[in-house]
Amino acid sequence: MPEPISLSQGRLDAPSVDAYWQDGFAFPITVFSPDETAQFRAELEQIEETWRVADLPLPLNMYKRLNAHVVMPLVARIALDPRVLDVVEGILGPDLLLWSAELFIKEPRTTQVVGMHQDLTYWGMGETPDQMTAWIALSPATVASGCMDFVRGSHKNPILPHNDTFSDNNLLSRGQEVAVDVADEDKTHIELQPGQMSLHHGLTIHGSGPNMSDDRRIGLAIRYLNPNAQQKVADRDYAVLARGEDRMGNFILIEPPTELFSPPALALHARIREDQAKAMTQGAAQSTHLYGNEATGTG
Ligand SMILES: O=C(O)CCC(=O)C(=O)O
């Protein structure tokens, strides 16, 4: 595992920022201590335990996998933590929107994978540089547990053709995979310890393998935007103002939740899901489990 990127007063220095734009990713960056991360994980697992059979409008897994920051205060708290935002600001600038947060969970000894893909293919925002994902490990992300793999420099490509496999074995909404073969030697394994994060550009080709370890692999993927980003496919889109100002007004600004699965937050989640479906399912040959009517859920 490489040495953590050293931060200067919690921020990326100029060479690290240059390296991000050169490679399309950066890691590992330590943002939370092991103890604090263990507390986040315990809180998440308590929620899973308490709400597993609760009478929510959608299965619990759907809320974990889709816009969790809208209904789960824990997720919003992590995504809006100044230590995370200080790093993100180094790439996207002082004005930051929190657009999406997704828990990617692979249970121990399971076969689910994430096919190699470029995130921007499905966001309805074109090839904008005004976005970035911060992926925070809440448990060890190792080759054995199915950490992400990134293809260095691949963000310099345009959006490439993707195929929808709709495979049950793929954690993504339509089992999407970039229609190019990625050689193993072109993959960088993004191993992270709990509390560390990686950053990746929305055009970086990435995916992850199965979890062959005895622990859960829990990652929180948080998508940030610079307010210049624009939703071009869906009629409207939503974001939380995480830091600074939004002078563009391209997104409907929403407040982070104060209560777990509150009725107003669940209603807002449903509205966002319905509006974003237009972008997320564009071109799909069948409805996807995260956005369609058959609410099966994953993760
Ligand atoms: O968690 C994973 O394995 C994949 C996550 C991912 O594709 C993403 O954060 O864009």
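Two strands pair if DSSP finds at least two bridges between them. I also take helices (H or I, at least four residues) and strands (E, at least two) as DSSP runs, numbered from the N terminus.

**Entry 1: ground rules.** I am reading a predicted model, where local features need pLDDT of at least 70, side-chain atom pairs count only at pLDDT 80 or more, and totals for chains, interfaces and linings use all residues. Residues are numbered from 1 along each chain as its sequence is written, and side-chain values use heavy atoms, with hydrogens and water left out.

**Entry 2: confidence.** I looked up pLDDT (the predictor's confidence in each residue, from 0 to 100). The protein chain averages 93, and 95% of the residues score at least 70. Over residues 293-299 the pLDDT is below 50, yet this stretch has 19 contacts in the model beyond near neighbours in sequence; contact means heavy atoms within 4.5 Å. A note to myself: where pLDDT is low, the predicted coordinates should not be read in detail.

Entry 3: I found an open sheet with the order 3-10-5-8 and antiparallel pairing. Strand 3 (114-117) and strand 8 (187-190) are its edges, each pairing on one side only. On average, neighbouring strands here are turned by 25° against each other, direction ignored. Strand 3 and strand 10 (residues 206-208) run antiparallel and are joined by two bridges. Which residue of strand 10 is the bridge partner of Val114? I read it as Ser208.

Entry 4: Next I traced an open sheet in the order 1-9-4-11-2-12-13, with mixed pairing. Its edge strands are strand 1 (25-30) and strand 13 (252-253), each of which pairs on one side only. Strand 1 meets strand 9 (residues 196-200) in the antiparallel sense over four bridges, and Phe25 stands opposite His200 in strand 9. Helix 1 (residues 14-23) packs on this sheet and touches strand 1, strand 4 (131-137) and strand 9; its direction makes about 135° with that of strand 1. For such angles, axes are lines fitted to C-alpha atoms, for helices over the stretch in contact, and the values run from 0 to 180 degrees between N-to-C directions. I also noted helix 6 (residues 82-92), which lies across strands 1, 2, 4, 9, 11 and 12 and runs at about 145° to strand 4.

Entry 5: Most residues other than glycine have a negative phi, and most peptide bonds are trans. Against that, I flagged a cis peptide bond between Phe27 and Pro28, with omega about -20°; Pro28 has its place in strand 1. I also flagged Gln9, which is not a glycine but has a positive phi of about 50°. Gln9 is found in the segment before helix 1.

**Entry 6: the ligand.** I looked up the 13 residues around the ligand (a heavy atom within 4 Å). Trp135, His206, Ser208, Arg217 and Arg223 come nearest. An N or O atom in the side chain of Trp135 is 2.9 Å from a ligand oxygen, and a polar side-chain atom of Arg223 lies 2.9 Å from an oxygen atom of the ligand. For the side chain of His200, I noted 3.3 Å between an N or O atom and a ligand oxygen. The protein covers 100% of the 290 Å² of accessible area that the ligand has on its own (Shrake-Rupley method, 1.4 Å probe).

Note on methods
A polar contact is a pair of N or O atoms within 3.5 Å; within protein, one must be able to donate a hydrogen and the other to accept it, and residues adjacent in sequence count only if both atoms are side-chain atoms.
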